[in-house]
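Biologist: Could you take me through this model and tell me what lies behind the labels?

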Amino acid sequence: MASPVVSFCLCLLFISLVTLVSGDDSPLSQLRQSVFFGYDRNVIPQKDGTESAPLGVSLGLAPSWMDLDSNGVLTAILWLRLTWSDYRLSWDPEDHDNITSLLITPDELWKPDVSLYNKQDLDHGILAADPRSANTNAHIASNGNILWILPVSHKVLCEGITYSNWPWGTQTCNLSFGSWTHDSMSYDLQFYGGLDKMDLRQFGEHNQFKILKQEGLREVKKYDCCPNPYVNLNFFFSIKRKYVVDPDLGRVDNPEDTV
């Protein structure tokens, strides 16, 4: 017959195992355990495998600050918006206390590998979702739709910089995005909300530059390396410096501006 001490230890072990298996019994925790049971974040969500239609992925940009140095390198702070759908993460709200959405850390999800093709600072990779700041929660709706908004800072080389009137003059730049590994048969990259340009509502008056005009271009390009084409989203824009800050004179406005 087991001693009281042994029986007590076995009882504690049983309680611990039950706790580990059942976890938190709150509705959100139960939903999370149900949705993520057996989930593989390394596999693209294609229900019918290679027979599936391309996964819809949308990308939007909302710049808040920009600067351009004499080497033609543009530094931009942006809000990045990504949306896609993952059928494996859908549920019936009626089965889960009418919960219609979840907030999840991005490390737990499959995410589209949207890259900034003309990225200049490659110390932290080429992904548009820079790992240094890609830690904001993603929103998952009960139908499996995912919205991920995150702040990023990127450097790109602007081609066609003119120096005839530097630091003034109008300069043109482009932010070029696309998947690094998935072709157009895997996922279909589109502009977020159908807006084929950057959202400038966060681009305030504190910027030294103003954006004069912009346009978006979606390209489907075929490369020699690969049998299927890839989708690129290009955000073209022209900028003009409003002022510079001189250590002796302070703010010096652009003499080309008449306003």
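Here is a conversation about the disulfides, rings and pockets of this model.

Modeller: Before we start, this is a predicted model, where local features need pLDDT of at least 70, side-chain atom pairs count only at pLDDT 80 or more, and totals for chains, interfaces and linings use all residues. Residues are numbered from 1 along each chain as its sequence is written, and side-chain values use heavy atoms, with hydrogens and water left out.

Biologist: How do you know whether Cys158 is buried or exposed?

Modeller: Buried means under 20% relative accessible area, exposed over 50%, and partly exposed in between (1.4 Å probe, protein chains only). Cys158 has 5%, so it counts as buried. Cys173 is buried as well, with 5%.

Biologist: And what makes Cys225 and Cys226 a disulfide?

Modeller: Their sulfur atoms are 2.4 Å apart, so this pair also meets the cut-off. The link is left-handed, with -80° about the S-S bond. Cys225 has a relative accessible area of 64%, so it is exposed, while Cys226 has 16% and is therefore buried. The structure holds two disulfides, and with the bonded cysteines numbered in sequence order the pairing is 1-2, 3-4.

Biologist: Now the rings. Why is the pair of Trp84 and Trp110 called edge-to-face?

Modeller: Rings of Phe, Tyr and Trp (its six-membered ring) pair if their centres lie within 6.5 Å; planes under 30 degrees apart count as stacked, over 60 as edge-to-face and the rest as tilted. Trp84 and Trp110 have centres 6.3 Å apart and planes at 80°, so edge-to-face it is. Trp84 is in strand β2 (residues 73-85) and Trp110 in the loop between β3 (101-104) and β4 (114-116), so the pair ties together parts 26 residues apart in sequence.

Biologist: What are the values for Phe177 and Phe235?

Modeller: That pair has 5.9 Å centre to centre and 85° between the planes, which is edge-to-face. Phe177 and Phe235 are both buried. In all, the structure holds eight aromatic pairs.

Biologist: How do you know that the charged end of Arg32 sits over the ring of Phe36?

Modeller: The rule asks for NZ of Lys or CZ of Arg within 6 Å of the ring centre and within 35 degrees of the ring normal. The charged end of Arg32 is 5.6 Å from the centre of the Phe36 ring and sits over it. Arg241 does likewise over Trp166, at 5.7 Å.

Biologist: Last one: what makes up the lining of the second largest pocket, by class?

Modeller: It has 10 nonpolar, no polar and three charged residues. Here Ala, Val, Leu, Ile, Met, Phe, Trp, Tyr, Cys and Pro count as nonpolar, Asp, Glu, Lys and Arg as charged, and the others, Gly among them, as polar. The lining of the largest pocket divides into five nonpolar, eight polar and four charged residues.

Note on methods
Helices (H or I, at least four residues) and strands (E, at least two) are DSSP runs, numbered from the N terminus. A disulfide is a pair of cysteine sulfur atoms within 2.5 Å.
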